[in-house]
Amino acid sequence: MKKMNLHLVALMFLFGSFISCKKDSVADPNESELITTVRVKLTEKLSGVQTVYEFKDLDGVGGAAPSKFDEIVLTKGKVYDCTLQLLNESKTPADDITLEVAAEGVDHQIYLSASDALAVISNYSLDSKGLPLGITSTWTTAAVAGTGTLNVTLKHKPGVKAAGDPVSKGDTDISVDFKLSVK
Amino acid sequence: MKFLSAISFFLLFSAFVQAQCILTISGNVKDADTRSALMGATVSIIELKRTILTDNEGKYTFSGICPGDYTLRITHADCQALDFHFHLKEDIVKSFQLSHAENLLKEVVVVGATSVRPEGMTGELKGKELAATRGLTLGESLQRITGVTVLQTGNNIYKPVIQGLHSSRVLILNNGIRQEGQQWGSEHAPEIDPYVANRLTVIKGAASVRYGGDAIGGVVLVEPRLLQYKKTVQGEVNLAAFSNNRQGVLSAVLEGGFDQREQTSWRVQGTVKRGGNAKTADYWLKNSGVEEMNMSAAAGWKKGNKNLELFYSIFNTRIGIFSGSHIGNLTDLENLVRAAVPPDYIKDEGFSYAIGRPYQFVQHHLFKLKAFSEEIGKSRLNLIFSSQLNIRKEFDITRTETDLPQLQLNLQTHSADLVWEHFSAKKIKGSIGVNAMYQDNYINYRYFVPNYQSIDLGIWAAERYQHENWQVEMGLRFDSRNRFNIKDNDKQPYDLLMGNMLVPGDAYGKRSFSGLSGTGVVAYKFNENLRTSFTASTAWRAPQVNEMFSNGLHHGAARIERGEAKLSPEKAYSVLGTLIYNTEKWEAEFGVYNKEIQDFIYLKPVYPALLTIRGAFPAFDYAQTNASLTGMDMRLAYRFTNHFQTHLKASVLRAYDKTAKTWLIQMPSDRYESDLEYSFIDGRKLKQSSLKLGFQYITKQTHVPPTGNIKVTDLAGNTTMQSDYMLPPDAYTLFNLEATTGIEFKKRRLDVVFGINNLFDVAYRDYMNAFRYFALDRGRNISLKIKLPI
């Protein structure tokens, strides 16, 4: 029967090891991954007037609906300087994801496009290899009024970013269609 | 060409050699425990339908037999059949020992002495058939059984689908223990090393009350060989190599025992596996490698009528998820579907063993303790304890450098079973049991399913009555399933029960279900050649935690799944009929079934797609409907000569949504398989050689909803409204070749299986592969499997 007891001891150890490997809380790596807010800052070149538009979804993909989704309103026949800001506002203070995207510029690319020829977007800022990154850009609005959408897309393409990449290449980190109105 | 002429030579040669029907097989049968001769044991040659009883010295003799492959079956009183496969070319003298204890044990391991197991509704893989699947995953291996298909995610994740049902509707018993992993996910493969088993059995339909009434689809049994209480140490080494993804597998088992005052037995087993990127007919699949490392150990002890068995196994796998399947949003998916091939920078990557993100890592521990005490031939009491720990980690592509997963699930399960089996009355056998199970799921990182605990209790009884050619079996089971402490960690998820935000750490509450399930089987034997059976059963399945409370993004799949907390259990009412006809030339199994499933739980697409910061996402909500599944499984074998035979298999299924009055999506299409097999006469060195050429024809799934809410643009630019992002793929035909032989040297036998799957490197997609949107299925795969005894 001694053998039996040894078995039982071994058994207890096993049960013990199962229960003890529980609930080790580590910092959640997903928190730094989350992007909750896309902020589009537009400065009209002549007047220097700045307007800010936002898309905000605090709990990320799924769950509750976006809490803020602005319509971008611009004046026809004008030139704007655009600066994008990407934030994680689920924590305080908010994380500025733009800094991270800029630091890893060679793996990222921002695409901006206006529907219905409402604006021409050019002068995308560059990454360290001289390829377009797009954190800042210049927008020239159409001469006639109209409504449509303005798409902001952030692509992640580690190791494969090249000149002339179409918007379909890589993984989509952000794709937001703002309503756009040119008056 | 040399190969072909060799085959035709053998064919010709065999025609001359035939018909020397003068051979004899004889021997005696003993009781393994008492070593005394066993009188009145039934010995039969299955292929020839010849049966005799042993005389009072335990002797048997068959004479006037033609050369060929046969199976000898020996049965006695309460023992289960013992099968012996042999190749006859000269007279054979073979003696057998029947052990009461061993045979009772075998029966319990299999189905708890409860089930009649009508042959047409079960399928088995063992011996030669199992050897040909070595190195493959459990799901792939089971595909050889008629009526079993797979739900595939890429080329490493295979889930068995039994008559159209899978995941939590299919119960997998690993060494007699309910496998408790995260079975609910379609890309969560069973965490089992198939090398542990020497037999794989599938019980189709809800025909077993022994293991829980929730197996609406069926039960898969993964059964190891019984422990050997012999003094010798023995073992075997298995090697398998595959050309397609340059995969190698090494598995070894060693076992032995001591026989002093107390009898003990032990066994250790281990498997390592590594494969790289798989190749389709046209390109490589980047990041589709796999790594696996498994180990198991078993020990047995017996004294008098008391027995104790211990078993432990650990399973580890790391599976790469094909890079081309990683999409950001709906637009990405539509772009990929339209392009019909993966982007160049993924497609042109070539071969590599490297596994990068996205990948999954899964670890599964199983510990089992079984004690039993028996009065031979009368009754037996079993007590089984088991513990399982399942750790699942999913690693996504991240923007920031990290070693941590994005999702982790830790599932602990502890269960206890008490089973009383009685063989007392001659005509009635049966068993009664109680079962208790405790479970704890703990999540980390991203939310997909909640933390929960659960306590399940079950009580069941199954009795079998046998009289002349009739056999009747009844089974009844009551289950109570309670889930509590359902909650997220300390975050604030959307409260699915109440529809508002939760206070941090608060519970969703608890959900309890209970109900009855039952089975009735009547089987009748017309004569030695023709048998039939009819089964009627009811079963119910409590909604799983993911079906009630999932809320989030599915791993790499760019889709959102949302649970419905108010789901009620689904209830299945099934009828199955089988007809079996066996003669010397013919072997036929025919089964038809109908399952009416009330409140069938499924994922219902939501329109329009959900708006997120990453663009539009397809969303699915769990919903219920009434479903009807009707189908037919058939297997035919015809023996032209002792050397030449052919098989034909067919599975047909129609799955209908009675509420929406349309077909159910994601159901396997009809499949037909056939092969031609030639068995060679034994040579001096080569034994039991055979050559098999087979083909599979899988039809296009046309039984899908004719219209839907998804706008699909074809290559010509025409748009139609469909129920899926891609129309079901076309029908395809695959040819396979398999050659097996046993090489004898120094009284040992080296078994070799050489195979080629997808012989003509056909480019195809399968409707049941979740990656059909992104890439072709696997191309030609040449394999070599070697089994070496030590």
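Reader: Which residue in strand 11 of chain A is the bridge partner of G146(A)?
Author: In this predicted model, the partner of G146(A) across the bridge is V182(A), which belongs to strand 11 of chain A. Residues are counted from 1 along each chain as its sequence is written, while chains are lettered from A and ligands numbered from 1 in the order in which they are written. The model being predicted, local features need pLDDT of at least 70 and side-chain atom pairs count only at pLDDT 80 or more, whereas totals for chains, interfaces and linings use all residues.

Reader: How do you know that strand 10 and strand 11 of chain A pair?
Author: Pairing requires that DSSP finds at least two bridges between two strands, and 11 bridges join strand 10 (residues 146–156) to strand 11 (residues 171–182) of chain A, so the two count as paired. They run antiparallel.

Reader: What makes strand 4 and strand 7 of chain A edge strands?
Author: The open sheet has four strands in the order 4-11-10-7 (chain A), with mixed pairing, and strand 4 (71–74) and strand 7 (108–114) each pair on one side only. A strand here is a DSSP run of E of at least two residues, and a helix a run of H or I of at least four, both numbered from the N terminus. By that count, chain B holds seven helices and 44 strands.

Reader: Why is A240(B) called buried and not exposed?
Author: A residue is buried if 20 or more other C-beta atoms lie within 10 Å of its own, exposed if 12 or fewer, and partly exposed in between, with C-beta atoms placed from the backbone. A240(B) has 22 other C-beta atoms within 10 Å, and therefore counts as buried. In chain B, 45% of the 790 residues are buried.

Reader: Which residues is A240(B) in contact with, leaving aside its neighbours within four places in sequence?
Author: Contact means that the C-beta atoms of two residues, placed from the backbone, lie within 7 Å. By this test A240(B) touches R134(B), G135(B), V249(B), S783(B) and K785(B).

Reader: What makes a set of residues a nonpolar core?
Author: Its members must be buried Ala, Val, Leu, Ile, Met, Phe, Trp, Tyr or Cys residues joined through C-beta atoms within 7 Å. The largest such core has 78 residues, of which L173(B), V219(B), V220(B) and V222(B) touch the most other members. Apart from it lies another core, of 29 residues, including F55(A), W139(A), L154(A) and F178(A).

Reader: How many residues of domain 1 of chain B are in contact with domain 2 of chain B?
Author: The bounds come from an automatic or database domain assignment, which gives domain 1 of chain B as 22–98. 10 residues of domain 1 are in contact with 10 residues of domain 2, although 37 Å separate the two domain centres, taken over C-alpha atoms.
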